Amino acid sequence: MSRIGKAPILIPNGVTLKISADNEVTVKGPKGELSQKVDSDIKVSEEDGNIIVSRPTEQKRHKALHGLYRSLINNMVVGVTEGYKIQQELVGVGYRATNQGNTLDLVLGFSHHIIFSLPPEIKVETTAEKGKNPTIILESIDKQLLGQVAAKIRSLRAPEPYKGKGIKFVGEQLRRKAGKSASKK
């Protein structure tokens, strides 16, 4: 049995859950509202302040969907109560990031600026302190969308393995390579 799928999801105070007839789960909280369509085989119910996700059989497909939808619904509950935050830093000489509203302007060593428009669900903030790498801070209630946008920003200049230049997540450990060693004569 799915260990993740078995665990009940506690509904915090201030969060309301609505399960429609076509198996769409809507979670509303202090930070906003999110909804997720659930597969018709998976049953979602609310029992004494907990969300219970159950499956009809022990088929491999049902086991996989059981854990998946439990995790997605849990991410929605956490998103509308606390929200999610991702920090990325730009490592490299001359790399800069500025934002104007939800538009990110990146200077990443190319001959041109990269203008990146963010979805309205994501709030962006940039910081540039002297002596530290510029940082991009992304915040949202939708974990999937936030991760997808952060990955897209990182892909604009992924960190290279020799000097570590590029856009990396704060706290990310990069695998570094030694580079060329001088020949012996």
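**Close-up views of a predicted model**

**View 1. Helix H3 against the four-stranded sheet.** Helix H3 (residues 143-155) lies across E7, E12 and E13 and runs at about 5 degrees to E7. Helices (H or I, at least four residues) and strands (E, at least two) are DSSP runs, numbered from the N terminus; axes are lines fitted to C-alpha atoms, for helices over the stretch in contact, with angles from 0 to 180 degrees between N-to-C directions. The model is predicted: local features need pLDDT of at least 70, side-chain atom pairs count only at pLDDT 80 or more, and totals for chains, interfaces and linings use all residues. Residues are numbered from 1 along each chain as its sequence is written, and side-chain values use heavy atoms, with hydrogens and water left out.

**View 2. The open sheet E11-E12-E7-E13.** In this order, 4 strands form an open sheet with antiparallel pairing; two strands pair if DSSP finds at least two bridges between them. Strand E11 (123-127) and strand E13 (166-169) are the edge strands, each pairing on one side only. From one strand to the next, the twist averages 25 degrees. Strand E7 (residues 84-91) and strand E12 (residues 135-140) pair in the antiparallel sense over 6 bridges, and Ile 86 has Leu 138 in E12 as its bridge partner.

View 3. E1 is joined to strand E6 (residues 50-54) by 2 bridges in antiparallel fashion, with Ile 9 opposite Ile 51 in E6.

**View 4. The loop at Ser 40.** Ser 40 is placed in the loop between strand E4 (32-37) and strand E5 (43-47). Ser 40 is exposed, at a relative accessible area of 66% (buried is under 20%, exposed over 50%, partly exposed in between; 1.4 Å probe, protein chains only). Asp 22 and Ser 40 are 18 residues apart in sequence and 7.7 Å apart in space, C-alpha to C-alpha.

**View 5. Arg 157 over the ring of Phe 110.** The charged end of Arg 157 sits over the Phe 110 ring, 4.3 Å from its centre. The criterion is NZ of Lys or CZ of Arg within 6 Å of the ring centre and within 35 degrees of the ring normal.

Notes: Contact means heavy atoms within 4.5 Å.
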